[in-house]
Amino acid sequence: MSDLKQMYKTLAEDPFPSELTIELGSQKLVFAKRTWVVDGQEKGLRYGENPGQPAALYAPKEGGLELDGVALRNAPGGPVLVSSTREEHMIQAGKHPGKTNFTDVDNGVNMLQYLTAKPAAVILKHNNPCGAAWNEAGVATALQNAFDCDRIAAFGGAVVVNRPLDMAAAEIINSAYFEVVAAPEFEPGVVDVLKRRKNLRILQLPGLAELESFVGQPFLDVKSLTDGGMVLQFSFVNRIRTVDDFLPAEAEKDGAVYAARKPTAQEADDLLFAWAVEAGVTSNSVIFAKDGATTAIGTGEQDRVGCVEITISKAYTKYADRLVFAREGVSLYELEARAKTDEAAAKTLEEIRAQVQEARGGLAGSVLVSDGFFPFRDGVDVAIAQGVTAIAQPGGSIRDHEVIEAVNQASPQVAMVFTGQRSFKH
């Protein structure tokens, strides 16, 4: 057993060179490998996605790239974010970072670049958000709301915020187990509180306060193939920056025009928030959100109605766990095990399950966004049954009229808007 544990502690030997040069036509980009001195040892990434996979992190060093008149986001000297991380940004290193620590933080940056208008927090695990929230009340409120979305999945995750981390937020972080916290700044005394967790990686990334400086500028996105080939693409750029960027949900069929109700101001704000978070969710996906916080996140499913159904199921489980933990201080699964032999626990579990059903897993009153269009109305009907009040989706299906008909037939009538773009992430 000790040998198995050791593999997670061992630094993989790094065979990668100190510089990486990429030439695209006549344009050349030079990258420098990032290493850090931790505990007197200079190394790069601990390992890649798994132990035994050597990995290296490279940061832009020289050059720039312009394609079809578009300057891509890769010039050296930009805001200090993941690839620019140096020892001084590692307030507490814990141990040499691995690929997943940095890629989780980076996907937090990806979502937060569209959420600069308010204090926002994202908790990530396996490069997907467990929960996300923004709130005028401050970063601690946003963090608590993000955590409440999925307390279970957040275990061992990464916290990324776009405002200085205050003491209230630090106490939330210390009340659970996280591996990484990244913030643009830390208020006085906060780092001392966070350092109570010796293995917590504490990253100060000033660029988190400057995300609006490059929002809308794509970067070169590289996907490597199994045969050694590569697919290059411009990264996804969210066109929905304000509620006015949404398009009316309208469709025509056999001479008849179908139009959906417009969202209220609160619904539109929640749809704006959820669509920003959608940029960081593995497809095929949907997101439920309410009052500036995710209520459920569905990721990586193959069919859209199935994704909606699984996300609803997750929401019921996570909501039940939240109620159980608040009442009993244990997880839902611990209470379920106890209820098999304990009559009082069984009664408590029954009461909580009734609460969950009444609240429809916390989904009632939520809005829904979908990263792709609804090919059939079934996914919309399933969401409406849970009390969804507004939906945003790309539009463009040959059955858009049926989907609009579904929201118009709902009682009360559900709002819908189109985004005019798909937000797939694979």
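**A salt bridge and its surroundings**

Mentor: Glu49 counts as partly exposed, because its relative accessibility is 48%, where buried stands for under 20% relative accessible area, exposed for over 50% and partly exposed for what lies in between, with a 1.4 Å probe and protein chains only. This is a predicted model, in which local features need pLDDT of at least 70 and side-chain atom pairs count only at pLDDT 80 or more, while totals for chains, interfaces and linings use all residues. Residues are numbered from 1 along each chain as its sequence is written, and side-chain values use heavy atoms, with hydrogens and water left out.

The partner of Glu49 is Lys99, and the two side chains meet in a salt bridge at 3.3 Å, N to O, the rule being a side-chain nitrogen of Lys or Arg within 4 Å of a carboxyl oxygen of Asp or Glu. The pair joins distant parts of the chain, for Glu49 is in the loop between β4 (41-43) and β5 while Lys99 is in helix α2, 50 residues apart; helices (H or I, at least four residues) and strands (E, at least two) are DSSP runs, numbered from the N terminus. Lys99, with a relative accessible area of 27%, is partly exposed.

A pocket is an open set of points on a 1 Å grid over the protein atoms alone, with protein on both sides within 12 Å along at least five of seven lines, whereas a cavity is a set where a 1.4 Å probe fits but cannot get out; lining residues have an atom within 4 Å of a point. The second largest pocket holds about 430 Å³ of space, a volume being the space filled by probe spheres set on grid points that are joined across faces, edges and corners. Its lining has 23 residues, and Tyr47, Thr100, Asn101, Glu179 and Arg201 are those nearest the centre. Two or more lining residues come from each of α2 (99-112), β9 (120-125), β11 (157-161) and β12 (178-183). By class, nine of the residues lining this pocket are charged, eight polar and six nonpolar, with Asp, Glu, Lys and Arg taken as charged, Ala, Val, Leu, Ile, Met, Phe, Trp, Tyr, Cys and Pro as nonpolar, and the others, Gly among them, as polar.

The largest cavity also draws on this region: α2 and β13 (201-204) each give at least two residues to its lining. Its space comes to about 50 Å³, and the residues that line it are Met90, Ala93, Lys95, Pro97, Asn101, Phe102, Val180, Arg201 and Leu203. Six of these are nonpolar, one is polar and two are charged.

Leu124 is buried, because its relative accessible area is 0%. Leaving aside neighbours within four places in sequence, the contacts of Leu124 (heavy atoms within 4.5 Å) are Asp104, Asn107, Gly108, Met111, Pro129, Cys130, Gly157, Ala158 and Val160. Of these, Gly157 is 33 residues away in sequence, yet the C-alpha atoms of Leu124 and Gly157 are 5.4 Å apart.

For comparison, another salt bridge joins Lys61 and Glu19, with the closest N and O atoms 2.3 Å apart. Lys61 is in strand β5 (residues 58-62) and Glu19 in strand β1 (residues 19-24), so this pair ties together parts 42 residues apart in sequence. A further one is formed by Arg304 and Asp371 (3.0 Å, N to O), and both of these residues are buried. The count of salt bridges comes to 13.

As for the whole, the protein has 11 helices and 23 strands, and buried residues make up 49% of its 426 residues. Among contacts between residues at least 6 apart in sequence, 59% join residues at least 24 apart. The C-alpha trace spans about 65 × 65 × 45 Å along its principal axes.
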